[in-house]
Amino acid sequence: MHIELQNIHKSFGTVHANAGISLEIREGTIQGLLGENGAGKTTLAKILSGYQRMDSGNILIDHKPVSFGSPAEAIRAGIGMLHQDALDIPALDVLDNFMLGSDTSLFLSPRQAKLKLLDLCQRFGFALDPNTSVNKLTVGERQQLEIVRLLALGVRVMILDEPTTGISSPQKVLLFRTLHRLASEGISIIFVSHKLDEIEQLCSEVTVLRQGTVAGSVQSPFSTSELVMLMFGQQFSVSPRPGITLGEPLLELDDAAVSSYRLNVAHMNLSVRAGEVIGLAGLEGSGQQMLMRACAGITPLAHGKISIHNHDLTNRPYQEFLQLGVSFVPAARLEEGLLPGMTLKEHFALLNGSEFVINWRQAEEIAQRQISEYNVVGTPDTLVQSLSGGNQQRALLAMLRPELRLLILEHPTRGLDIGSSRWIWEHLLKRREQGTAILFTSTDLDELVEYSDRIVVFSSGIMSAPVDARQVSSESLGYMIGGKST
Amino acid sequence: MAESLVVQTLASVVAASSPLVFAGIGETISEKVGVTNLSLDGSIMLAAMTGFALASLSGSVWVGIVGAMVVGALIALIIAVSNISLRQDQVAVGFVLTLLCADLSSFIGKPFVRIPGPSMAHMPIPGLVQIPILGPIFFNHDMLVYLSYVAIALTSILFKHTQPGLKLRAVGERPEAAFARGINVNRCRYLYTMLGGALVGLAGATYSLSVKLGWSYRHTAGFGWIALAIVIFGGWNPLRVAFGAYLFGALGSLASILQPSFPNVPTQVFQAAPFALMILTLLLVNAEFIERLPLYMPKFGNALQRILQGKPPAGLGKRFESD
């Protein structure tokens, strides 16, 4: 199937998300759609998959103009999309999700559907249990379910929006293998991403979007600097790691253990010094989150001791952790970090918890100052949920207290483009120069290697001894995460 | 003799619970598709009045039943229009409708208060009623009671085994995802909210024509709220909701049977006991230990968890707008 987009326009209020995008996708190719956050990639993908209506422009399939009023119409025309956050129904089981909307007969035929599902899974090496509830699946497995579901519906064009966010490395390998195979079977793949290395690895052609317009199209093999140039209109230099003299020991974990009914993590020993950056590596749910939550004072220890700045904080309330200068920035920015429905000004007013009557003028001033200092695109009256991911993260950092002893960050740059990520890290490194120790998790191995002083690897609830980040490469780290090497 | 007394009591429980079955199943359908019809207490009252009034005027119970169902469906339509099309708050609209319908039933129903009128004909099902014990309990009633069994069975089949039922659940869980799969979310919500409302109306007719014959001021007050609680108790599963309705009916009967044996206990204790028990069960159903069941019991834990767990539809009350 050959697809051509001509001069697509789409505006949301005053934001011109797509400003005249033209693009061509040939049958059986993997076409990259690259751009930083807010470049208009997702909007374009949603227009092509019938999710959003364009304001103006043409879509041609095999040179015939079409227009989609709903995703169902797009699927009938053979175009399916995998959304960044899989659009499935978590409360239903895998088979129900697979069957939903797949046929028009009155009664379901679960036996037939199950055979079809298992057959497709086997073809691609997916291991999905038809009877598990979808909310028990990992992000990667939910994605696999969506892929086989769309294939069962007979799509010939598959759009994947940031498909590698939140999935494990083996799942990523499997995904890429699947996409290559689908392309070889004549299915066109549109791979939407802001990650250069993935685009370079996978795509035969890439179109770069910048601020709602096409910045350029490039054929493989790609030159990274050219792609960066197209993406941002500027080059980034690799920032050299500044030499830091580490301070006194600040966080001490002594044979600590945390347990939940899913996972027990025991024998955690760690000593972190002021100004040190510790990267926590491992597959999602291997224990890193539990360590971080224990260090933040959110989860109590089942065993062992934790002390911060020579204060024994074992099983002390969260409030005491805060008083000693511990701060935790969770990955779920809107769920755990910010209060959707409240403005930035209100967030800053909340920080000053001691006053009874709110001094709104002061809150406004603080908000205004922090907004400009942290480059948040918004005003004091902006609702936090309307900020983009990068701006939400910057807003969260802007709300941290100026003096912190220990800063714990869960996936600080998840979903952010290179520009935003660099900005976040510049800020974090400045904090460490002031003596703040940093603990962070990431699924990006390069990020772990680049910014950590030492790295701790978690594998199924077992914590490794810390390794010097200068002694490891992202490859060797990948092996350690997989539990293949010590 | 004692046995026949038990059978008689159980038979009366089954009959007395049938309006709660209709109302519970109706509300389950509506909530499963994502719309809370909070007006139940008022809807049932207005439908009970309409059902009795129309049956009295026409002389046919079936005219009354259909009229009651239409009333229930129309109230549900108001809920649907205000929620889906006018984007009003479901709770506020529901409450106001509850009050409005209750007062309307008193106002319009004045001429019908305590007058004799038609009622459902007793109709044992030949053959089935002969089955020992079960026969007299379940098949020695009127047509509305049998219809309540049909409602349970059909709704259960609809949810579990049909494509429309799967779509209904999807709309209630995650409207955006349902939309992505080609489902007309708002049309689906209109349809099933009205179907649920019709069943709620049927519950009203069942009161005035079968269970609590006739009409009086605030004839059915309170039952709507119980039905709403039963839906939660039943975890939005039609079979469990029906079980909840029967359980509530049985607890009520038990209270009235036990009361004479304990003259020292205030009667209010017995009247309130079913509610307290409901709250206890709700706590149990939502307890964390159900999450851990598969760990404690590797073999049956998962199955047991499925039976006990009751999570509200994730999209309940969530408005859906396609771009």
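Predicted model: local features only at pLDDT ≥ 70, side-chain atom pairs only at ≥ 80, totals over all residues.
Visitor: How many helices and strands does the secondary structure of chain A come to?

Guide: Chain A has 17 helices and 21 strands.

Visitor: How many helices and strands does chain B have?

Guide: Chain B has 14 helices and 0 strands. Read from the N terminus, the elements of chain B are therefore written as α-α-α-α-α-α-α-α-α-α-α-α-α-α.

Visitor: What radius of gyration would a compact globule with 323 residues have, and what is the value for chain B?

Guide: A compact globule with 323 residues would have a radius near 20 Å, and chain B agrees, with 20 Å. The C-alpha atoms of chain B occupy a box of roughly 60 × 50 × 45 Å along the principal axes, and 47% of the residues of chain B count as buried.

Visitor: Among contacts between residues at least 6 apart in sequence, what percentage joins residues at least 24 apart in each chain?

Guide: In chain A, 68% of such contacts join residues at least 24 apart. In chain B, the corresponding value is 76%.

Visitor: How many residues of chain A are in contact with chain B?

Guide: In this model, 22 residues of chain A are in contact with 21 residues of chain B. On the side of chain A that touches chain B, helices H2 (71–76) and H3 (94–99) each supply at least two residues. The largest share, 3 residues, comes from H2(A). By type, the residues on this side of chain A divide into 14 nonpolar, 4 polar and 4 charged.

Visitor: How are two packed helices described?

Guide: Two packed helices are described by the angle between their axes and by the distance between the axes. In chain A, helix H12 (residues 344–351) and helix H13 (residues 360–373) pack at an angle of about 110°, with their axes 8 Å apart. H12(A) and H13(A) are therefore roughly perpendicular to each other. H12(A) passes H13(A) in a right-handed crossing.

Visitor: Which residues of H12(A) and H13(A) meet?

Guide: From H12(A), A:Leu344, A:Lys345, A:Phe348 and A:Ala349 meet A:Ala363, A:Glu364, A:Ile366, A:Ala367, A:Gln370 and A:Ile371 of H13(A). The residues of this contact comprise 7 nonpolar, 1 polar and 2 charged.

Note on methods: Residues numbered from 1 in each chain as written. Chains lettered and ligands numbered in written order. Axes fitted to C-alpha atoms, helices over the stretch in contact; angles between N-to-C directions. Helix = DSSP H or I, 4+ residues; strand = E, 2+ residues; numbered from the N terminus. Parallel < 35°, antiparallel > 145°, perpendicular 65-115°, else oblique. Left-handed = near helix turned anticlockwise from the far one by under 90°. Contact = placed C-beta atoms within 7 Å. Nonpolar A, V, L, I, M, F, W, Y, C, P; charged D, E, K, R; others polar. Rg over C-alpha atoms; globule rule 2.2 N^0.38 Å. Buried ≥ 20, exposed ≤ 12 C-beta atoms within 10 Å, placed from the backbone.
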